[in-house]
Amino acid sequence: MDSDHFNIPEIHFEVSFSEVQAHYIEVKMSIGKLNQPYVDLKMPVWSPGSYLIREYAKNVERFRSLDKTGNTIAYQKISKNTWRIPTESLDQIEVFYTVYGFEVSVRTNFFDSDRAFIVPTATFLHIDGRIDNPSTVSIHLKDTWASISTGLKQIEAHKFYAANFDVLYDTPIEAGNQDIWKFQAAGVEHECAMVGGGSYDKERLTRDITRIVEEETRIWGSNPNERYVIITHNYQSGGGGLEHLNSTVLGASRNAYLNETSYKNYLSLVAHEYFHLWNVKRLRPKALGPFNYDAENYTTGLWIMEGFTSYYDNLIIKRCGFYDEKEYLSLLANDFNIVLNRPGHTIQSAAASSFDTWIKYYRPDENSMNSGISYYNKGAMLTALLDIKIIAATEGKIKLDDVIREAYEEFFLKLDRGFEENEFRSLAERIAGTSLDDIFDAAHQDGELEYNDYFNLVGYEIVDTNANNNTLTLGITTNKVDGLILVSTVEKDSGAYDAGLNVKDELIAINNNRLDIKDKEMDFIVQHAKEGEILNFLVARDGLLREILVQIRKSNKKVYEIRPLKEQTFLQELLGKIWMA
Ligand SMILES: [Zn+2]
């Protein structure tokens with residue numbers, strides 16, 4: 001027991017659901033052993049792993065603070081997410097508030113009569129400056145609800161313990177009638193909690209998830225958890241996932257499990273989020289923990305965190321035998337297609353995309369394709385090159401698996417701290433015995449590497465199969481809204497871009513031919529035009545008609561394929577097998 005022990009406030013939360021049908025939960029926060037003139041209670045403005053200021057405090061209502069005899073204590077709101085309560089001569093207080101939650105996502109509260117998905121960053125207040133404070137949480141289930149699924153440590157029925165607020169904030173809680181089953185994998189107890197029904201096959205999922213867990217544990221060398229919870233929210237149409245310390249929350253479509261492609265996509269999502277329990281939750285850049293819950297946490301390192309994870313998710317699914325080589329390579333080629341077909345790839349690097357994720361990637365708009373790229377896709381491309389370069393430089397003795405295992409041992413298990421990118425690069429170079437400057441530098445630059453210089457090392461090539469097609473384009477995409485054809489994007493440097501067609505312009509006629517809602521005329525006209533031909537568009541913009549002359553140009557669209565070289569040397573063949581193993 002340390003000498004500070006008696007100065008640590010005791011914090012207990014109770015959550016109840018008397019208005020849950022209207023999307024409110026009630027939170028009671030009891031604080032004991034207080035010894036300070038006032039307390040500032042704060043709610044985070046964001047959730048780690050999802051890099052957007054979400055202003056969770058906007059959903060807090062009916063805030064009250066009471067002393068132990070039940071007298072109201074007047075509090076003061078001193079910032080958007082801070083409540084100041086005078087506590088001179090008070091050693092305990094009780095705080096009551098309600099939280100509204102009706103946004104379907106893996107990082108926002110959702111409450112209705114069937115269930116409560118509790119995102120702790122959006123629900124529980126902490127004492128300013130006391131993130132290290134332990135707390136307990138009691139969940140008073142509705143009569144009609146059967147269970148609670150959470151990675152929090154259970155200390156009594158429906159009562160949980162968090163050693164500090166970093167743990168509490170990283171451990172979501174699902175309450176309701178979710179379908180739960182448990183199994184052991186890699187020596188860890190796993191709990192699957194399926195919410196919202198679905199056509200899943202428990203035995204098959206248990207078998208397939210076990211393989212993923214075993215392969216990932218093998219790569220990283222050890223599994224830090226005793227228990228891990230996979231909460232899946234099944235919707236008519238759903239997706240996305242968020243990683244946590246010893247749990248994950250996934251979105252899926254109820255029927256995804258029936259179709260081979262969407263089933264494998266689900267497994268790939270499991271592999272992605274599970275990989276994060278090491279990469280980002282433990283092996284991480286310095287900026288990503290300890291967190292500042294009050295503001296943006298800036299890092300260029302998401303190209304490593306999300307890029308490595310995006311490279312490995314499908315690779316692990318291949319290693320588990322769910323994808324064959326061709327399927328896997330087409331998914332990898334897709335990262336190149338997504339990035340290199342966005343005009344923004346010439347003006348935003350992977351590292352810049354990471355740093356500005358708060359204002360760009362998480363806030364996409366009609367011009368996003370022209371202004372940037374995703375560090376997921378660009379990061380995965382660069383990760384593939386790293387893996388290949390390391391394999392080639394060591395004649396197949398070392399691969400990226402070995403680098404990340406060493407990095408995890410060094411920065412997390414041994415030093416227990418985040419890394420600076422140059423430390424990570426040095427460690428990778430030491431293990432690989434070669435300079436990796438080219439790839440790490442490319443992560444911070446806008447230009448592209450000569451990708452075949454890498455793929456050829458292992459007997460593969462990346463080819464644009466669309467290079468000889470003379471397809472023509474206007475450079476726009478359209479939406480049909482209420483019987484109107486509206487421009488939804490305008491590609492940089494296209495005919496439409498130069499001519500000044502705008503997003504939201506209503507397309508009415510081309511060369512005096514009225515367009516019908518199916519856009520058939522437009523497709524027909526574009527397909528039968530000549531390169532360089534000028535088309536006369538009649539458009540309505542903000543209710544006024546105008547004519548705009550748009551030049552038809554050759555499409556730059558890339559359709560990449562990654563495939564084995566027709567002729568390979570003995571060494572290329574050997575290294576290629578190691579890469580694909
Ligand atoms: Zn991720």
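Helix α4 packs against helix α8 through a contact that draws on both helices. On the α4 side are Leu 302, Trp 303, Ile 304, Glu 306, Gly 307, Phe 308, Ser 310 and Tyr 311. On the α8 side they meet Tyr 375, Tyr 376, Lys 378, Gly 379, Ala 380, Leu 382, Thr 383 and Ala 384. The residues of this contact divide into 10 nonpolar, 4 polar and 2 charged. The model is predicted.

**Geometry of α4 and α8**

- Helix α4 covers residues 302-319, and its axis comes within 7 Å of the axis of α8.
- The two axes cross at roughly 70 degrees.
- An angle of 65 to 115 degrees counts as roughly perpendicular, so α4 is roughly perpendicular to α8.

**α8 against α15**

- Helix α8 (residues 375-393) also has its axis within 10 Å of that of helix α15 (residues 570-580).
- Their crossing angle is roughly 135 degrees, which means that α8 is oblique to α15.
- The crossing is right-handed.
- From α8, the contact takes in Asp 387, Ile 388, Ile 391 and Ala 392.
- From α15, it takes in Leu 575, Ile 578 and Trp 579.
- The contact of α8 with α15 has 6 nonpolar residues, no polar ones and 1 charged.

**α9 against α10**

- The axes of helix α9 (residues 400-414) and helix α10 (residues 421-432) come within 10 Å.
- They cross at roughly 130 degrees, so α9 is oblique to α10.
- This crossing is right-handed.
- Asp 402, Val 403, Glu 406, Ala 407 and Glu 410 are the α9 residues in the contact.
- Their partners in α10 are Phe 424, Leu 427, Ala 428, Ile 431 and Ala 432.
- The residues of the contact of α9 with α10 divide into 7 nonpolar, no polar and 3 charged.

**Leu 269 in α3**

- Leu 269 sits in helix α3, which spans residues 260-275.
- Leu 269 has 21 other C-beta atoms within 10 Å, so it is buried; the cut-off for buried is 20 or more.
- Beyond its neighbours within four places in sequence, Leu 269 is in contact with Gly 241 and Leu 250.
- Gly 240 is 29 residues from Leu 269 in sequence, yet their C-alpha atoms are 7.8 Å apart.

**Backbone points to check**

- The peptide bond from Gly 289 to Pro 290 is cis, with omega near -5 degrees.
- Pro 290 belongs to the loop between α3 and α4.
- Arg 62 is not a glycine, but its phi is positive, at about 55 degrees.
- Arg 62 lies in strand β4 (residues 60-67).
- Arg 62 is exposed, because 10 other C-beta atoms lie within 10 Å and 12 or fewer counts as exposed.
- Glu 395, also a residue other than glycine, has a positive phi near 50 degrees.
- Glu 395 lies in the loop between α8 and α9.
- With 11 other C-beta atoms within 10 Å, Glu 395 is exposed.

**The whole chain**

- The chain holds 15 helices and 30 strands.
- Its radius of gyration is 27 Å, close to the 25 Å that the globule rule gives for 581 residues, so the chain is as compact as a globular protein of that length.
- Taken along the principal axes, the C-alpha atoms fill a box of roughly 85 × 65 × 45 Å.
- Of the 581 residues, 41% count as buried.
- Among contacts with a separation of 6 or more, 66% join residues 24 or more positions apart.

Notes:
Residues numbered from 1 in each chain as written. Predicted model: local features only at pLDDT ≥ 70, side-chain atom pairs only at ≥ 80, totals over all residues. Axes fitted to C-alpha atoms, helices over the stretch in contact; angles between N-to-C directions. Helix = DSSP H or I, 4+ residues; strand = E, 2+ residues; numbered from the N terminus. Parallel < 35°, antiparallel > 145°, perpendicular 65-115°, else oblique. Left-handed = near helix turned anticlockwise from the far one by under 90°. Contact = placed C-beta atoms within 7 Å. Nonpolar A, V, L, I, M, F, W, Y, C, P; charged D, E, K, R; others polar. Rg over C-alpha atoms; globule rule 2.2 N^0.38 Å.
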